[in-house]
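Take a look at the model first, then read on by topic.

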Amino acid sequence: MSKDILVIGGGIAGMQSSLDLADMGIKVHLVEKLPSIGGKMAQLDKTFPTNDCAI
Amino acid sequence: MPEKKEDIRIGVFLCHCGSNIAGYLNMEELAEFSEKLPHVTFVQRNLYTCSEGGINEIKKGIKEQNLNRVVVASCTPRTHEPLFRSSCGEAGLNPYLFEMVNIRDQCSWVHMKEQEDGTNKAKDLVRMGVAKAALLEPQESIMSEVQVRALVIGGGIAGMTSALALANRGYEGGLVEREEALGGLLNNLNKLGPTMIEADELVEEKTRSVTGNSNITVFTNARVTEVQGFIGKYKVDIETESGVKKIDIGVIIVATGGRPFVPEGLYNYDGKRVVTQLEMEKLLKAGLDPAIKNVVMIQCVGSRNEERPYCSRICCQTAVKNAMLIRELNPDAKVSILYRDMQMYGVENEEMFRDSKAKGVRYINYDPANPPQVEPDKVRVYHALLGRDMDLPADLVVLSTPLVSQEDAEVISRLLRVPVDENGFFLEGHVKLKPLDFATDGIFLCGSAHFPANIREAVAQGLGAASRASIPLSKGSVVVEPIISVLADEDACRGCGLCVALCPYGALEIQKTEKGRKVHVIDVACKGCGVCAATCYQHALSINSFTDQQIEAQLEAFLD
Amino acid sequence: MLDVGRHPNIELLAYSEVEKVEGEAGNFKVTIRRKGRYVEEDKCTGCGACAEKCPTVVSDAFNEGLGERRAIYSYFAQGIPSTHTIDADHCRQLNGKKCGICAKTCQAEAINFDQEDRILELDVAGIIIAAGYDVFDPSVIPEYRYREIANVVTAIEFERLLSASGPTGGHMDRPSDRAVEAEIAGLEKKAKKSQKAISKLEEKFNEPSAQFYKKYQAGEYKDDEDRKKWADKYTAHLAVTEPLEELKKQAEGFTVAKRLAFIQCVGSRDFRFYPFCSGYCCMHSIKEAIISHEHEPETTSSIFGMDIRAVGKGFEEYKIRGGNNSNITYVRGRVAEITEGPDNNPVVIYEDTRERKVKRQEFDMVVLATACAPIKGIAELAKTLGVELDKYNFIKTSSLSPVDSTTPGIFVCGCAESPMDVPESVAQASSAAERAAEIAFQMDLEKEKAVA
């Protein structure tokens, strides 16, 4: 039996979950239906309040 | 500095950042300029240097052009320096032979309207970066072990959730609570919206789980009085009734909560006829006096004003919940909520808000410039939407006051060397991307210590902080960037200790050596801030990758 | 984002969907369909040469249809993976026409028109749903006339207009103006062609067309077939250039949008659509108004809302700063209707509830702060995973278990759970990771027991 985790969705939430788990040493399979990860946040120009680019 | 024998070959990568940079600077001119700089053997422009394609170009440059220094001129090092460094490493170049120049924030963004000046400034910055790059030395990352134990400060719902989550993952830890009982603010609450969970039952259940868990050591009536060390190796003193306990831990979670503001002197507050929402919870818990027929609640008491500009997030939902409970207990009671904006964000809150209207709670919009007046048996309010004064009979006036920071937040902030914001709440590492981390590695935060949070949010953050804290615990070690202070000239150090007193991270100590008293840098604790190197009048201390020679070379390049 | 692509413990399965899930917490069997990109992921370098040469132009979903891409494309410039993808619906080659230009262009030999979907089976201990949300389509609100009035856009469309890497390079060009400019570009192309045709004839007859045409209209050259053709070509040319000149004159007056209206609760807090509050839209509008003002200091913005919900850390302060420094006016009231005035200017009709007056105000552009809607396909996904949805079709959770779905071992975070902003999504993502890690830890314990 594997202790891998499946994450569905490669937006900011899915990416953060995946990174946390991967940093704990757990293998993650991240499924994204679009051609690239990034989600809605990648579409944002800048984010409040530091006005840094979103990605 | 030893004479360099190697042939220095610098590659300069100029990022267009789409049009963020290239739209405002003359990149062609900048590239031509860069080509002529000393030691530069390769210059390339990229649409996005940070994209996979751009990264591959850097790697290709290192391999095919035999580059042994890389300069990227793009955005802020805060976002992409780690990426560029590790990419150099992947291509076989020591990651610390990399230098980053910020021509977006410092040139294209601030000089959007002065293209020529902006481009000239970018040239200066690139020239300085190249001059420094030529003097860079390879560095090796520093590794340190982590004690696989955690400390949670604060035994409210957020802290208990964190402690339990870590325990469920097999990690031992301590939980420190300043009061006699666990539960925090929940101990003073009645029912929790929107599903009306009994606060007592929740506290009881959680307390049982925590105290019954063999992985968790609970310290009540206790305070943290001393914290020494750094990520992975903290020594903490906990003052308890039975004396000071010393524990060794690897990570710390701050869950010290918030405290309700007491509105002394506002709206005739007396704690009897004019009470706070927290006191209202007690009245409801005791069973409401059936004689209470007219209740007026006033929102934003002591918040969203000059002194305390923030919105405390949870007071509107508390008011709506309590208004409904009053109507439930005394069905013929009239309850009016005087508000500025009803902050019933999200799915559950908005639903409760709608529900409350259907159940007869009245809402009156007031203007902060013309606030309500609390009189002996009524509240007079200017109804901002009807445009006239109204008199509302009131047997009970309830003031919705904000959560403010804990009294001991300052103390904990000093002990842990983590910052608080202008309102006294703990300041997270990044508003968007690191809401549960501090900038200091190894310390995390959750719940109302960060900002007022409702039960759902506090539980979620408690779990999330546990996740973040478990990362170093699961690795068992930490790897630290080597851009830290080093005793570059041991003979020069006189052991005066000035730097030790000034170091904000406790990363310096004086040791006795054969050569006498000398400073010693605790490398994992050092953040490379440079205070010590700047202070040392003997120039004994130096910061890796920011040596005097490197900085002087940059200045000379600028003045060229 | 790059960290995700580079992490040795993360297997990135982009352009893929979950087809089937069986089993229970600690032991799920998952079937995943990896959709064919017609491009080999391990060969493509993402250089983009193929997209430069591809002849087929398609509207670009990443830029909310405001820009264009080719039939072979990378989803967005910094996308991970940077592998290009052929859009099978639009690709000429895949639709039986002769093309294959991308395959000829690609030096990495990554194009594979025969690539098929692949099926992948995974064993996992736990599942996290982070499927996100859809932006509500406001065209179903008749009174706001979205798509009827060109200069009424959604917040996410406006975000793309503000973006330096967006279709306007960050200039707030109005959609109506951009449409005119596109028309001018089209007509200019045509005019060039028709000019070429009449230039040939002018050369042949050694006479300017206008002069000839006057004579032709006066009745000269009655039975001259060649000259009749010339006259036809000349009138056809005029039919292009006259409207072109008109449009050019019109376009001279175009400036970027400077008077902006932001309309809150579009589809949210609305019984016809979503009764809930979407949480993040008030701050989103304030941010867009502040950035617009940064781009163009003369910009003024009005934000129309019932309550301005600035409930996060630093949000209220940000809202006030926007009012003081960025020419933002907050108007309390729900907008009743949007109509179109002169110069394609949208007109907002609303009741200012504090002044108790119905007002009309003209703007250059109107931005709709649209609701956070559950994603399309969430019902099927929930069914595949065997988790319950709440009445609005978000994944069901409870206050005390905020990231646990109704099925053990399956967790949820972000807007799939309910509308929330970025820091909340990030925090909740860590919460879900924690819960999933607890399952993984249990697996370790059991393994240890089995060994012992």
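In strand β9 of chain C, C:I128 is the bridge partner of A:V7. The model is predicted.

**Where chain A meets chain C**

- How many residues of chain A are in contact with chain C? The contact involves 48 residues of chain A and 77 residues of chain C.
- The size of an interface is often given as the accessible area lost when the parts come together.
- For chain A and chain C, the buried area is about 5200 Å². Carbon and sulfur atoms give 65% of that area.
- Polar contacts also cross this interface, with 25 residue pairs found at pLDDT 80 or more for both residues.
- Four elements of chain A each supply at least two residues of the side that touches chain C: β1 (5-8), α1 (12-23), β2 (28-32) and β3 (46-47).
- Which element gives the largest share of that side? α1(A) does, with twelve residues.
- Sorted by class, the side of chain A that touches chain C holds 25 nonpolar, 13 polar and ten charged residues.

**Salt bridges**

- Side chains of opposite charge can pair when their charged atoms come close.
- Between chain A and chain C, the count is one salt bridge. Its partners are A:K3 and C:D444, with N to O at 3.0 Å.
- Over all chains, a search of the whole structure finds 71 salt bridges.
- Within chain B, B:D437 and B:R468 form a salt bridge, their closest N and O atoms being 2.9 Å apart.
- What does this pair tie together? B:D437 sits in the loop between α11 (409-416) and β25 (443-445), while B:R468 belongs to helix α12 (residues 455-475), so the bridge links parts of chain B that are 31 residues apart in sequence.

**Domains of chain B and chain C**

- Chain B is assigned domain 1 (5-139), domain 2 (149-259 + 404-478), domain 3 (262-401) and domain 4 (481-544).
- How far apart are the C-alpha centres of domain 1 and domain 3 of chain B? They lie 58 Å apart.
- Chain C is divided into domain 1 (36-116), domain 2 (136-172 + 256-373), domain 3 (176-252) and domain 4 (375-451).
- In chain C, the C-alpha centres of domain 2 and domain 3 are 44 Å apart.

**Backbone details in chain B**

- Most residues other than glycine have a negative phi, and most peptide bonds are trans.
- Is the peptide bond from B:G193 to B:P194 cis or trans? This bond is cis, with omega near -5°.
- B:P194 lies in the loop between β8 (191-192) and β9 (197-198) of chain B.
- B:H39, a residue other than glycine, has a positive phi near 70°.
- The place of B:H39 is the loop between α1 (27-35) and β2 (40-46) of chain B.

Methods: Residues are numbered from 1 along each chain as its sequence is written. Chains are lettered from A and ligands numbered from 1 in the order in which they are written. Side-chain values use heavy atoms; hydrogens and water are left out. Domain bounds come from an automatic or database domain assignment. Contact means heavy atoms within 4.5 Å. Buried area is the accessible area (1.4 Å probe) that two parts lose on being put together, summed over both. A salt bridge is a side-chain nitrogen of Lys or Arg within 4 Å of a carboxyl oxygen of Asp or Glu. A polar contact is a pair of N or O atoms within 3.5 Å; within protein, one must be able to donate a hydrogen and the other to accept it, and residues adjacent in sequence count only if both atoms are side-chain atoms. Ala, Val, Leu, Ile, Met, Phe, Trp, Tyr, Cys and Pro count as nonpolar, Asp, Glu, Lys and Arg as charged, and the others, Gly among them, as polar. Two strands pair if DSSP finds at least two bridges between them.
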